Amino acid sequence: MKRLFDLVLGLTAAAVLLVPLIVVAVLVRLTSPGPVLYWSDRVGRHNKIFKMPKFRSMRADTPVVATHLLTDASSHLTLIGAFLRKSSLDELPQLWSILAGDMSFVGPRPERPEFVSHLNEVIPYYRERHCVKPGITGWAQLCYPYGSSEQDAMEKLKFDMYYVKNQSLLFDLAILFQTVEVVLWGKGAR
């Protein structure tokens, strides 16, 4: 049922967002040399590695590390990079990952393999979050502010595990509705 929901919503979203996707792609191309999309390895369901696309918001010569590890990440942003990130428009290409079956609309956010490897070692039950498909949005993103420390990962895991244990179509719809409120109107944003 969840896969059917993802396919129907994904195809609908792709059709509705086709023009914005093209506009953003053209703007990325015109404002910064390099590829339009940035593909990064992420860990999905059952620890399967997949390539997750995003619109490129950083210069093409930016070192390939997590943004929070850069000493001055804002200096690496393209002309429209900050806007893409703030508006979450950089996330739109992840519709491809949903249609390809690597992601769902709702689930724990996919992490880089090197982070997952480390967190599996230091946080009990961390690997359990990978028994479901990762999502564009999730319960942890709505309930916990952005964080990049081990402590943050441990706190977010509590929300991810709550989702894993209580997932349902109704819960997914509630998370999607709250995500739209946060993205479009900043309501409840942390």
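Reply: The axes of helix 1 (residues 2-16) and helix 8 (residues 169-185) come within 11 Å and cross at roughly 35°. Axes are lines fitted to C-alpha atoms, for helices over the stretch in contact, and angles run from 0 to 180 degrees between N-to-C directions. Helices (H or I, at least four residues) and strands (E, at least two) are DSSP runs, numbered from the N terminus. This is a predicted model, in which local features need pLDDT of at least 70, side-chain atom pairs count only at pLDDT 80 or more, and totals for chains, interfaces and linings use all residues. Residues are numbered from 1 along each chain as its sequence is written, and side-chain values use heavy atoms, with hydrogens and water left out.

Contact means heavy atoms within 4.5 Å. On the helix 1 side, Lys2, Phe5 and Leu9 meet Leu169, Asp172, Leu173 and Leu176 of helix 8. By class, this contact has five nonpolar, no polar and two charged residues. Ala, Val, Leu, Ile, Met, Phe, Trp, Tyr, Cys and Pro count as nonpolar, Asp, Glu, Lys and Arg as charged, and the others, Gly among them, as polar.

A nonpolar patch on the surface is formed by Met1, Leu4, Val8, Leu169, Leu170 and Leu173, with about 640 Å² of accessible area together. Accessible areas come from the Shrake-Rupley method with a 1.4 Å probe, and for residues only the protein chains shown count as cover. Helix 8 gives the largest share of the patch, three residues.

How values were computed:
Patches are made of residues with over 30% relative accessible area and no salt bridge: like charges are joined within 9 Å, nonpolar side chains (Val, Leu, Ile, Met, Phe, Trp, Tyr) within 5 Å. A salt bridge is a side-chain nitrogen of Lys or Arg within 4 Å of a carboxyl oxygen of Asp or Glu.
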